[in-house]
Amino acid sequence: MSAPEGAKTQRLSSKAKSAPPEQILHDLLAESPSILASIVDNLPVALFVKDADHDFRVVLWNKKQEDITTIPREKALGRTDFHMFSQESAQYFRQVDEAVVRRGKLFEIPEEIISTPGGGDIWLKTTKAPVFDTTRNRTFVIGISEDITPQIRVREQLKELNTHLTLANQQLQETQLQLIQAEKMESVGRLAAGVAHEVKNPLALLLMGVEYLASGITENDPNLPEILTEMRDAIARADRIIRGLVDYSSSRQLSLESHELLPLVENALLLTRHEVRKGNINVEVIFEKDLPPVFIDLAKMEQIFVNLIINAVHAMEGRPRPNLEIYAYATRIPEVERDEGARTARHLRSGDEVVIVEIRDNGSGISEENMQKIFDPFFTTKATGVGTGLGLSVVRKIIELHRGRISLRNRVSGGVAVSLTLKVAPTVQDELDKGPFKKKQ
Amino acid sequence: MSKKILIIDDEAGFTKLLRMNLERNGDYEVMIENHSVHALKTAQAFQPDLVLLDLVMPGLDGGDVAALFQADPKLKKVPVIMLTALVAHGETSTGSVAQAAGVTVLPKPVEMATLRSCITDILEKS
């Protein structure tokens with residue numbers, strides 16, 4: 001009969017003081033061979049050993065391996081994987097086992113899925129290694145598996161959440177684009193009367209020409225060349241205006257491309273010509289020479305300019321000598337404007353090459369109180385029916401989609417200056433520098 | 001003696017072709033003024049029998065010009081036909097004639113037949 005448990009522990013610990021650790025283990029195994037089975041069984045990882053010389057039959061199957069696979073030891077020992085797992089899984093295990101023996105090296109399977117007889121699928125991280133028993137000249141494969149199903153489930157959930165988030169983000173962007181489109185259609189309505197006026201004038205001219213020609217002409221009528229030139233010009237003018245309106249109201253997607261700003265501003269002025277003329281407004285367009293192209297969505301940016309021009313026209317109503325100035329120049333974002341909180345790829349960074357466009361009016365200006373609310377949706381100082389109040393909030397949204405900036409300030413001389421900062425379009429050289437062929441520094 | 005018509009409209013091409021049509025049969029003597037700010041001076045010098053006046057113009061609009069004419073003793077009786085491409089609520093359909101505050105309004109584009117009969121009617125009445 002063996003000594004009581006307490007006495008054994010006492011004796012071991014007294015030995016532990018003098019003997020080296022490997023001796024302690026040796027003694028322990030000699031005294032109680034079952035302790036090894038107990039250690040193996042209580043490991044927090046699944047452990048199994050297969051006999052490579054006998055069809056990879058299982059010779060060891062610990063408790064954790066039983067838990068994970070739901071296969072009890074008595075049904076595993078002496079059997080091959082083909083008795084316990086699906087044909088497909090067993091085939092895969094066998095291939096790995098054979099490779100381990102062939103190469104004589106440790107083999108890691110970071111993720112493998114097995115279908116258990118219990119019905120569930122589990123994810124394992126498995127390491128297999130060959131063990132050579134030189135005395136009996138036999139080869140075994142030892143495997144250690146860790147159940148990583150919970151981690152995989154969390155990862156799958158995260159992936160799913162991420163998909164939902166991406167989808168929600170897409171929907172948000174679509175809604176924003178719809179809002180921008182709605183605002184655009186609203187301003188098309190506002191522009192319609194002006195555009196109709198601008199088209200009716202060339203039509204009136206054309207009718208005059210037709211009337212003249214229809215009432216009979218002689219071959220040498222001196223007026224003929226002039227009439228035909230005027231008629232051709234009128235057709236081109238009407239076409240330009242209508243095309244501008246169609247371009248303006250179309251395009252629901254955001255498509256960023258390299259564009260020159262000046263033609264865009266001229267087109268916006270063409271669409272708002274009626275309002276500008278009605279308001280007796282003097283317009284000055286001052287663009288720096290050789291202004292680089294900017295990276296913009298043409299239709300959306302035109303929407304911004306139409307919006308800002310109309311705002312300026314309304315602000316100058318009834319003011320003496322109304323003057324609208326559209327001023328543009330290229331610069332770099334200075335170091336002082338560095339915004340640490342916004343240093344992501346989506347924002348402008350110090351040193352970025354940009355074009356700054358200022359739309360300056362000499363109207364009534366904006367009070368300090370209103371300046372705080374100016375970008376709020378539905379905020380307006382205009383009379384009911386004149387504006388929906390979405391204008392500037394939508395303008396800002398469009399600028400944000402362009403990764404640009406917008407700011408407003410009262411001018412010292414009176415009136416308001418709206419400043420737009422837009423990133424210069426990347427040049428071919430920039431693209432090459434960024435690409436996979438970038439030279440090592 | 002042919003009647004004198006003054007056209008005040010900033011659309012230079014339109015006024016040129018309108019004059020060609022009006023002068024064609026030698027019925028009218030036509031003067032053009034494309035800058036509304038000079039309209040009063042031109043009218044005072046020309047002394048028209050009738051004025052064709054655009055409504056939307058830079059500088060002074062048609063209403064401002066009509067008011068200046070009203071204030072001028074020699075011009076206040078001169079009949080005015082407003083020609084406008086302006087689209088507004090209750091716009092008259094193309095070719096029809098509307099009367100607003102004693103001023104005849106014709107929408108652009110206007111057919112010559114409509115314009116001629118309108119001019120003839122008004123000149124006969126005055």
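In the predicted model, helix 8 of chain A and helix 12 (residues 298–315) of chain A pack at an angle of about 50°, their axes lying 11 Å apart, and the two helices are therefore oblique to each other. Helix 8 of chain A passes helix 12 of chain A in a left-handed crossing. On the side of helix 8 of chain A the contact is formed by L177(A), I180(A), E183(A), K184(A) and L191(A), and on the side of helix 12 of chain A by A299(A), K300(A), Q303(A), V306(A), N307(A) and I310(A). Sorted by class, the residues of this contact between helix 8 and helix 12 of chain A comprise six nonpolar, two polar and three charged.

Helix 8 of chain A also packs against helix 14 (residues 391–401) of chain A, where the axes come within 10 Å and cross at roughly 130°; these two helices are therefore likewise described as oblique to each other. The crossing of helix 8 of chain A and helix 14 of chain A is left-handed. Here Q173(A), Q176(A), L177(A), L179(A), I180(A) and E183(A) of helix 8 meet G391(A), V394(A), K397(A), I398(A) and L401(A) of helix 14, and the contact is made up of six nonpolar, three polar and two charged residues. L177(A), I180(A) and E183(A) are among the residues of helix 8 that contact helix 14 of chain A, and they are also among those that contact helix 12 of chain A.

A further partner of helix 8 (residues 149–214) of chain A is helix 1 (residues 12–23) of chain B, with which it packs at an angle of about 25° and with an axis separation of 9 Å. Because angles under 35 degrees count as roughly parallel, helix 8 of chain A is classed as roughly parallel to helix 1 of chain B. The crossing between helix 8 of chain A and helix 1 of chain B is left-handed. Helix 8 of chain A contributes A204(A), L205(A), M208(A), G209(A), E211(A) and Y212(A) to the contact, while helix 1 of chain B contributes G13(B), F14(B), L17(B), L18(B), M20(B) and N21(B); by class, these are eight nonpolar, three polar and one charged residues.

Across the interface as a whole, 27 residues of chain A are in contact with 23 residues of chain B. The two chains bury about 2300 Å² between them, of which 59% is on carbon and sulfur atoms. K200(A), M208(A) and R277(A) supply 29% of the area that chain A buries against chain B, more than any other three residues. M208(A) belongs to the contact of helix 8 of chain A with helix 1 of chain B, whereas the side chain of R277(A) meets that of D10(B) in a salt bridge (2.1 Å, N to O). Five salt bridges are found across the interface of chain A and chain B, and a search of the whole structure gives 25 salt bridges over all chains.

Within chain A, the side chains of K63(A) and D67(A) form a salt bridge (3.3 Å, N to O); being four residues apart in helix 4 (residues 63–69) of chain A, K63(A) and D67(A) are separated by about one helical turn.

Two backbone features occur in loops. D55(A) has a positive phi of about 60° although it is not a glycine, and is found in the loop between strand 1 (46–51) and strand 2 (57–61) of chain A. In chain B, the peptide bond from K108(B) to P109(B) is cis, with omega near -5°, and P109(B) is located in the loop between strand 6 (103–107) and helix 4 (112–125) of chain B.

Notes. Residues numbered from 1 in each chain as written. Chains lettered and ligands numbered in written order. Predicted model: local features only at pLDDT ≥ 70, side-chain atom pairs only at ≥ 80, totals over all residues. Heavy atoms only, no water. Axes fitted to C-alpha atoms, helices over the stretch in contact; angles between N-to-C directions. Parallel < 35°, antiparallel > 145°, perpendicular 65-115°, else oblique. Left-handed = near helix turned anticlockwise from the far one by under 90°. Contact = heavy atoms within 4.5 Å. Nonpolar A, V, L, I, M, F, W, Y, C, P; charged D, E, K, R; others polar. Buried area = accessible area lost by both parts, 1.4 Å probe. Salt bridge = Lys/Arg side-chain N within 4 Å of Asp/Glu carboxyl O.
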